[in-house]
Amino acid sequence: MSSTLAEPRPAERENPLRWVRRVFRDFRRSRPFWGGLLAVLAGIPIMYFPYANLSLNGMTLAMATTGGAGSLIIGMLLIVLGLTAWFQPVVRVFAGIATTLLTLVAIPVSNLGGFGLSVLPGLIGGGLMIAWAPLPPADDAAGADGVLAAEAAPAPVAEAPAGDAPAAQQPPAAAGGTVPAQQAGEPKEVR
């Protein structure tokens, strides 16, 4: 039996690896994924370094500072804001602004923002969360294109009888005796 005569594989028997990739791709595209990931990555060094004991050739170097509790709180908040942007994309603007502000506060509070390892990912992640916008649904996009095409088409012009030339030059009056909103330069309502 050749592959051209074989029946297509049913959807319920989809390759598990393809299924995971497809689900992850849909998840990633429907929320500010990269901004949230950078916010989570920015929180880790801020939390880690104040409590780390580094060893250099047998010499222990403790980074414990008075800002240790503040660093722990800032790092945890950055991680929570990154996860919030993933699982509640509606609050992405708040999460982005809070991530940016916490990253800037971490510079003086937490050993220069985790020795500078958190500053750039935190600021970029906050900006990505603020800038992200969901794609419009496919049915609304098609409907909007139809409305735009209808607006772009020229309106049909009614032919006036030869004797009514001066009346055809006057703009038509609305029910209240005023010029319609479109001719007065006001924006048109889209329904």
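Predicted model: local features only at pLDDT ≥ 70, side-chain atom pairs only at ≥ 80, totals over all residues.
Residues are numbered from 1 along each chain as its sequence is written, and side-chain values use heavy atoms, with hydrogens and water left out.

**Stop 1: the arginines**

Select Arg-18, Arg-21, Arg-25 and Arg-29, and you have a patch of positive charge on the surface. Patches take residues with over 30% relative accessible area and no salt bridge, joining like charges within 9 Å and nonpolar side chains (Val, Leu, Ile, Met, Phe, Trp, Tyr) within 5 Å. A salt bridge here is a Lys or Arg side-chain nitrogen within 4 Å of a carboxyl oxygen of Asp or Glu. Lys and Arg count as positive and Asp and Glu as negative, with His and the chain ends not counted. Each charge is placed at NZ of Lys, CZ of Arg, CG of Asp or CD of Glu.

Now pick Arg-18, which sits in helix H1 (residues 16-29). Helices are DSSP runs (H or I, at least four residues), numbered from the N terminus. Is Arg-18 buried or exposed? Arg-18 is exposed, at 58% relative accessibility; the cut-offs are under 20% for buried, over 50% for exposed and partly exposed in between (1.4 Å probe, protein chains only).

**Stop 2: the nonpolar patch**

Next, select Val-93, Ile-97, Leu-101, Leu-104, Leu-123 and Ile-130, which make a nonpolar surface patch of about 470 Å² (Shrake-Rupley area, 1.4 Å probe, with only the protein chains shown as cover for residues). Helices H4 (92-109) and H6 (119-131) each give two or more residues to this patch, and H4 has the largest share, with 4 residues. Zoom in on Leu-101 in helix H4: Leu-101 is exposed, with 51% relative accessible area.

**Stop 3: the rings**

The structure holds 7 aromatic pairs. Rings of Phe, Tyr and Trp (its six-membered ring) pair if their centres lie within 6.5 Å; planes under 30 degrees apart are stacked, over 60 edge-to-face and the rest tilted.

Start with Phe-24 and Phe-33, an edge-to-face pair at 5.4 Å centre to centre and 90° between the planes. Phe-24 is partly exposed at 39%, whereas Phe-33 is buried at 8%.

Then try Phe-27 and Phe-87, a tilted pair with centres 5.9 Å apart and planes at 50°. This pair links distant parts of the chain, from Phe-27 in helix H1 to Phe-87 in helix H3 (residues 68-87), 60 residues apart. Phe-87 is exposed at 52%, while Phe-27 is partly exposed at 24%.

Finally, show Phe-24, Phe-27, Phe-33, Trp-34, Trp-86 and Phe-87 together: ring pairs link them into a cluster.
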